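Biologist: I would like to learn how to read a protein model, feature by feature. Can we take them in turn?

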Amino acid sequence: MNILAGSPFDLKSDAAWQAWRAEKLASLPRSIDEMRVDLADPCRPSAGELDALTGRARRSNWALFATDPAAMSDESCLKQLCESIGLVHLDRNLRADDSGISSIQVKQQQGTAYIPYTDRQLSWHTDGYYNETDRQIHGWALYCVRQAAEGGESQLMDHEMAYIMIRDEDPAMIRALMQPGAMTIPANREEGDEIRPDHSGPVFSVTPSGHLHMRYSARKRNIIWKDDADTLKARDFITALFRDESAPIYTYRLKPGEGVVSNNILHRRNAFTDGDTPDRKRLVWRARFHDRIESNTTATE
């Protein structure tokens with residue numbers, strides 16, 4: 001992997017690293033309230049609302065947004081909001097709706113049962129960690145249509161903060177996690193047919209535009225880590241990181257009308273219990289993109 005000289009993610013560029021690290025730590029949100037942006041019309045956000053969303057994403061790689069649930073009329077409105085901040089190229093994954101957006105709810109599944117469509121907890125991950133190298137997920141959006149009767153809280157962590165904590169501990173772990181074969185996801189097969197081949201790649205990489213990207217899953221099954229000391233040390237360090245009370249992890253239960261846009265940060269979901277009536281059955285729309293959130297966007301007229 002080629003990293004431009006002078007990048008903070010080049011382990012040989014200490015001055016760039018120290019400057020970037022200091023700026024990142026200085027801008028760390030003290031609470032989730034700092035990440036909230038209220039949208040009057042989510043289908044047509046104003047210039048000020050766009051600046052607020054992209055500014056938070058530039059600072060911490062994510063933003064929380066809130067609107068009147070009646071204003072988010074359908075999935076096309078969520079797509080319009082995403083397009084207004086540069087999230088354009090949808091990843092149409094296996095369980096996505098015709099719109100390309102996935103309705104994350106408890107449902108009967110044929111073939112492989114995917115955990116997001118159950119009421120079970122989701123472990124720490126970034127989206128699309130199993131995707132091919134040229135189809136990596138760089139951005140996603142979640143929007144809460146309905147809450148569960150109980151549970152379903154999300155936890156969020158900026159992957160750049162994880163990088164800082166790992167590198168502060170031992171730069172050799174970063175070097176290991178940037179190896180092309182650091183993490184392998186075995187092929188996905190359903191009823192004897194291969195849906196997706198094996199995919200190996202780094203955990204941390206740097207995009208051509210110079211941004212840090214992470215592909216990660218805390219799953220213990222169907223994940224193969226490169227068998228060398230530094231990679232396995234890094235794997236265990238990341239696992240412990242999520243239990244570290246000093247780690248900048250934000251916990252929030254999305255309400256109807258609220259959502260998150262993100263440059264594919266680390267996240268997980270608690271288990272939940274649906275109620276007996278339709279209005280108490282959890283429904284979250286999820287959109288995944290091959291783009292990052294951009295700052296040079298304009299408001300919809």
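Biologist: Which charged end sits over the ring of Trp17?

Modeller: The general test comes first. A charge sits over a ring if NZ of Lys or CZ of Arg is within 6 Å of the ring centre and within 35 degrees of the ring normal. Here the charged end of Arg167 sits over the Trp17 ring, 4.0 Å from its centre. Arg282 lies over the face of Phe272, at 5.3 Å from the ring centre.

Biologist: What should I know about the model itself?

Modeller: This is a predicted model, in which local features need pLDDT of at least 70, side-chain atom pairs count only at pLDDT 80 or more, and totals for chains, interfaces and linings use all residues. Residues are numbered from 1 along each chain as its sequence is written, and side-chain values use heavy atoms, with hydrogens and water left out.

Biologist: How do I read two rings side by side?

Modeller: A pair of aromatic rings is described by the distance of the centres and the angle of the planes. Rings of Phe, Tyr and Trp (its six-membered ring) pair if their centres lie within 6.5 Å; planes under 30 degrees apart count as stacked, over 60 as edge-to-face and the rest as tilted. The whole structure has 13 aromatic pairs. Take Trp20 and Tyr163: their centres are 6.4 Å apart and their planes stand at 85°, so the pair is edge-to-face. Trp20 lies in helix α1 and Tyr163 in helix α4, so the pair ties together parts 143 residues apart in sequence. Helices (H or I, at least four residues) and strands (E, at least two) are DSSP runs, numbered from the N terminus.

Biologist: Is Trp20 buried or exposed?

Modeller: Buried means under 20% relative accessible area, exposed over 50%, partly exposed in between (1.4 Å probe, protein chains only). Trp20 has 17% relative accessibility, so it counts as buried. Tyr163 is buried too, with a relative accessible area of 0%.

Biologist: How are the rings of Trp124 and Phe242 arranged?

Modeller: Their centres are 4.4 Å apart and their planes at 5°, so this pair is stacked. Trp124 lies in strand β4 (residues 122–125) and Phe242 in the loop between α6 and β15 (250–252), so the pair ties together parts 118 residues apart in sequence. Both Trp124 and Phe242 are buried.

Biologist: Which residues form one aromatic cluster?

Modeller: Phe9, Trp17, Trp20, Tyr163 and Phe204 do.

Biologist: What is a nonpolar core?

Modeller: It is a set of buried Ala, Val, Leu, Ile, Met, Phe, Trp, Tyr and Cys residues joined through side-chain atoms within 4.5 Å. The largest one here has 34 residues, and Met157, Tyr163 and Phe204 have the most contacts inside it. Helix α4 gives the largest share, six residues. Another core, of 26 residues, lies apart from it; among its members are Val37, Phe65, Cys77 and Val261.

Biologist: What does Met157 contact?

Modeller: Contact means heavy atoms within 4.5 Å. Leaving aside neighbours within four places in sequence, the contacts of Met157 include Trp124, Met165, Phe242 and Ile265.

Biologist: How many disulfides does the structure hold?

Modeller: A disulfide is a covalent bond between the sulfur atoms of two cysteines. The test is a pair of cysteine sulfur atoms within 2.5 Å. The structure holds one. It joins Cys43 to Cys77, with S to S at 2.1 Å. Cys43 is in the loop between β1 (36–38) and α2 (47–60), and Cys77 is in helix α3 (residues 75–84), 34 residues apart. The torsion about their S-S bond is about -110°, so the disulfide is left-handed. Cys43 and Cys77 are both buried.

Biologist: Last topic: in what order do the three strands of the open sheet run?

Modeller: Two strands pair if DSSP finds at least two bridges between them. The order is β11-β8-β14, with antiparallel pairing. β11 (199–201) and β14 (224–225) stand at the edges with a single partner strand each, so one side of each is left without a neighbour in the sheet. Three bridges join β8 (residues 183–185) to β11. Met183 has Gly201 in β11 as its bridge partner.
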